[in-house]
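Q: I am new to this structure and would like to learn how to read its features one at a time. Could you show it to me before we begin?

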Amino acid sequence: MKVGIMGGTFDPIHNGHLVTAEAVRDSLSLDEVLFIPSARPPHKRDREIISTEHRLAMTILATCFNKHFRVSTIEINRQGYSYAVDTLDTLKNDYEVGTEFYFILGADAALELSTWHNAQELIGKCQFVVATREGTEFNIETVENDFKIKGHIKKIDTPKIEISSTEIRNKVANGRSIRYLVPDSVESYIKKEKLYSKENESYD
Ligand code: ATP
Ligand code: MG
């Protein structure tokens, strides 16, 4: 069994996340991709993040029609900050022995790997798959040298989709269209719940 792990704030989830996850799944013949919304992202303490319930709901709406995609609440349900290394340990217990885990990251997130909690231990425990992200160059050798570890990181050419959650939030706040940047179901949910508009009161 080969399982992809797609972690993120998903504030909100958008088509860049979905296209990337599907491209990696297809390329590596993964059996499933687990989308794991983070509870309190350690690196995003500086801005308000919409409530966990809304982020989870949108992640489910966006992924439910792909039979290979699943959503995990493992980080949401855990107390304290979300650390990938703890998530991986828990997943290893939940899945059969021998399951291979592939951590999927955009190149921008991969460049920050060295700042992650227990990064060295984490890299040694699984495979990292770095997907193309517009505007970011990622060099495997540099990271392998930093961590003195070989063969745990691979780069995959995924379609370059220049969408970010930041852009979606800004567009909604400014009354601009986000159609086709997020799944229709997510667009409807954002409208219905009045998320990301300026007078919004739905933050944690
Ligand atoms: P924000 O703008 O709030 O930082 P984001 O769009 O970067 O949001 P995150 O939830 O921070 O989304 O990203 C989760 C993961 O998905 C990260 O590994 C990130 O690199 C990756 N990712 C996000 N958007 C894209 C995209 N358009 N193409 C490829 N990877 C992406
Ligand atoms: Mg980001």
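Q: Leaving aside its neighbours within four places in sequence, which residues is L181 in contact with?

A: Please keep in mind that this is a predicted model. Once neighbours within four places in sequence are set aside, L181 is in contact with H14, N15, I163, E167, I168 and K171. L181 itself lies in the loop between helix 8, residues 165–173, and helix 9, and the C-alpha atoms of L181 and I168, which stand 13 residues apart along the chain, are separated by 7.8 Å.

Q: Does L181 count as buried or exposed?

A: The cut-off for buried is under 20% relative accessible area, and because L181 has a relative accessibility of 19%, L181 counts as buried.

Q: Which residues of helix 7 are buried, and why do they lie on the same side of the helix?

A: The general idea is that an α-helix has 3.6 residues a turn, so residues three or four places apart point the same way. In helix 7, which runs over residues 140–147, the buried residues are I140, V143, E144 and F147. They cover an arc of only 100° around the axis, and therefore they sit on the same side of helix 7.

Q: What do the buried residues of helix 7 pack against?

A: The buried residues of helix 7 pack against helix 6, residues 119–125, and against strand 6, residues 153–156.

Q: What is found at the N-terminal end of helix 7, and what comes just after the helix?

A: The N-terminal end of helix 7 is capped by N139, whose side chain has an oxygen lying 3.0 Å from the backbone nitrogen of E141. Just after helix 7, K148 takes a positive phi of about 50°.

Q: Where else is there a positive phi in a residue other than glycine?

A: S29 has a phi near 50°, a positive value in a residue other than glycine, and N118 likewise has a positive phi near 50°. S29 is placed in the loop between helix 1 and strand 2, residues 32–37, and S29 is exposed, with a relative accessible area of 51%. N118 lies in the loop between helix 5, residues 107–110, and helix 6, and N118 is partly exposed, at a relative accessible area of 39%.

Q: How are helix 2 and helix 9 arranged where they pack?

A: For a pair of helices one can read the angle, the distance between the axes and the handedness of the crossing. Helix 2, residues 52–63, and helix 9, residues 184–192, pack at an angle of about 150°, with their axes 8 Å apart, which means that helix 2 is roughly antiparallel to helix 9. The crossing of helix 2 and helix 9 is right-handed. On the side of helix 2 the contact is made by E53, H54, A57, M58, L61 and A62, and on the side of helix 9 by S185, V186, Y189 and I190.

Q: Where does T20 lie, and what does T20 touch?

A: T20 lies in helix 1, residues 15–28, and with 10% relative accessibility T20 counts as buried. Not counting residues up to four places away in sequence, T20 touches I104, A131 and T158.

Q: Is the peptide bond from D11 to P12 cis or trans?

A: The peptide bond from D11 to P12 is cis, with omega near 0°, and P12 is found in the loop between strand 1, residues 2–8, and helix 1.

Conventions
Residues are numbered from 1 along each chain as its sequence is written. Chains are lettered from A and ligands numbered from 1 in the order in which they are written. This is a predicted model: local features need pLDDT of at least 70, side-chain atom pairs count only at pLDDT 80 or more; totals for chains, interfaces and linings use all residues. Side-chain values use heavy atoms; hydrogens and water are left out. Buried means under 20% relative accessible area, exposed over 50%, partly exposed in between (1.4 Å probe, protein chains only). Helices (H or I, at least four residues) and strands (E, at least two) are DSSP runs, numbered from the N terminus. The arc is that of the directions from the helix axis to the C-beta atoms. Contact means heavy atoms within 4.5 Å. A polar contact is a pair of N or O atoms within 3.5 Å; within protein, one must be able to donate a hydrogen and the other to accept it, and residues adjacent in sequence count only if both atoms are side-chain atoms. Axes are lines fitted to C-alpha atoms, for helices over the stretch in contact, and angles run from 0 to 180 degrees between N-to-C directions. Angles under 35 degrees count as roughly parallel, over 145 as roughly antiparallel, 65 to 115 as roughly perpendicular and the rest as oblique. A crossing is left-handed if the near helix is turned anticlockwise from the far one by less than a right angle, and right-handed if clockwise.
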